[in-house]
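Here are some notes to read alongside the structure. Please keep the model open and look up each residue as it comes up.

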Amino acid sequence: MIDDLISMIAPHHCCGCGKTGGLLCDDCKYNIIHEPISSCIVCNRPTNSNCLCNTCEAPFNQAWVVGERNGILQRLIGLYKFERTRSAYKDLGGLLIDILPELPSNCIVIPIPTVSSHIRERGYDHMLLIAKYIANARNLKCRQLIYRQTNTKQRQKGARQRMEQAKRAFGLKSDTDTNAPYLLIDDVYTTGATIKCASQILRKAGVKQVFVAIIARQTLD
Ligand SMILES: [Zn+2]
Ligand SMILES: [Zn+2]
């Protein structure tokens, strides 16, 4: 509602082509999603339907990724995470909605919890907004079942340090229904430490089906 009002007063420009209207026009959106990533996020080998191959062992069952973190997608994520462009949750959430297959009707959407200082800086919980948006569009429940026990930041850390931090980072709420399938939502997949640890915590509690949806994949350099 407020986002709609603001965009009427000061219309956005597409971060791909500059066209006035929204942050992402239909043409630029199509360019991103017409070829979603079809290689394994663990080993990078080509896959058929989702981003986890048959040979890789992962604590999640299937994964989907919108694209590489570059070009328009990188700009959109940048606006959303670092320039307080709150309304971008609809564009980023919309990309995930378009690439995700039909999910079980009892599937519960969980956002990866954000470091609390980042929520304060932005003025919103960026992954919660996206998770709610997806859940709403797909008629699924969204719950914040995974919470942060530590608030260490992953940015600018190496692979091993990220894994050690991620192992300690999360806790699971006790009222989690272990019979339901879950869809974990995160913005960027770098080493996979965050999403693996969040999946593991669900698996350890007895959850059988964990799906993962990521906006962008980034290679660690
Ligand atoms: Zn455009
Ligand atoms: Zn693989």
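**Notes on the predicted model**

1. Helix α8 (residues 193-204) has 12 residues and reaches 16 Å from its first C-alpha to its last, close to the 16 Å expected at 1.5 Å a residue. This is a predicted model, and the remarks below should be read with that in mind.

2. How much of α8 is covered? The helix is mostly covered, with 9 of its 12 residues buried. Those buried residues are Ala193, Thr194, Ile195, Lys196, Cys197, Ala198, Ser199, Ile201 and Leu202. The cover over them includes β6 (146-148), α7, β7 (170-172), β8 and β9. After α8 comes Gly206, which has a positive phi near 110°.

3. Two packed helices are described by the angle between their axes and the distance between the axes. For α7 and α8 the angle is about 35° and the axes are 9 Å apart. Their crossing is right-handed. On the α7 side the meeting residues are Arg162, Met163, Ala166, Lys167 and Ala169, and on the α8 side they are Ala193, Thr194 and Cys197.

4. Ala169 deserves a separate look. Its place is in helix α7 (residues 159-169). Is Ala169 buried or exposed? It has 24 other C-beta atoms within 10 Å, and 20 or more are needed to be called buried, so Ala169 is buried. Leaving out residues up to four places away in sequence, Ala169 touches Arg148, Gln149, Thr150, Thr152 and Cys197. Ala169 and Asn151 are 18 residues apart in sequence, while their C-alpha atoms are 7.1 Å apart in space.

5. Helix α6 (residues 126-138) can be checked for length as well. Its 13 residues should span 18 Å at 1.5 Å a residue, and its end C-alpha atoms are 19 Å apart, which agrees. The buried residues of α6 are His126, Met127, Leu129, Ile130, Ala131, Tyr133, Ile134 and Ala135. They pack against α3, α4, β4 (108-111), α5 (116-122), β5 (141-142) and β8 (182-189). Just after α6, Asn139 takes a positive phi of about 60°.

6. In soluble globular proteins, nonpolar side chains tend to be buried together. In this model the largest nonpolar core has 62 residues. Which residues have the most contacts inside it? They are Leu76, Ile110, Leu184 and Ile185. Not counting residues up to four places away in sequence, Ile110 touches Ala131, Arg143, Leu145, Ile146, Tyr182, Leu183, Leu184 and Ile185. Ala131 is also one of the buried residues of α6.

7. Strand β3 (62-68) is largely enclosed by the rest of the structure, because 5 of its 7 residues are buried. It is joined to strand β9 (residues 210-217) by 6 bridges, and the two run parallel. Within this pairing, Glu68 stands opposite Arg217 in β9.

8. For Asn44 the value is about 75°, and for Arg84 it is about 55°. Asn44 is found in the loop between α2 (26-33) and β3, whereas Arg84 is found in the loop between α3 (71-82) and α4 (88-99). Asn44 counts as partly exposed because it has 13 C-beta neighbours inside 10 Å. Arg84 is partly exposed too, with 13 other C-beta atoms within 10 Å.

Key: Residues are numbered from 1 along each chain as its sequence is written. Chains are lettered from A and ligands numbered from 1 in the order in which they are written. This is a predicted model: local features need pLDDT of at least 70, side-chain atom pairs count only at pLDDT 80 or more; totals for chains, interfaces and linings use all residues. A nonpolar core is a set of buried Ala, Val, Leu, Ile, Met, Phe, Trp, Tyr and Cys residues joined through C-beta atoms within 7 Å. Two residues are in contact if their C-beta atoms, placed from the backbone, lie within 7 Å. Helices (H or I, at least four residues) and strands (E, at least two) are DSSP runs, numbered from the N terminus. Two strands pair if DSSP finds at least two bridges between them. The expected span of a helix is 1.5 Å times one less than its number of residues. Axes are lines fitted to C-alpha atoms, for helices over the stretch in contact, and angles run from 0 to 180 degrees between N-to-C directions. A crossing is left-handed if the near helix is turned anticlockwise from the far one by less than a right angle, and right-handed if clockwise.
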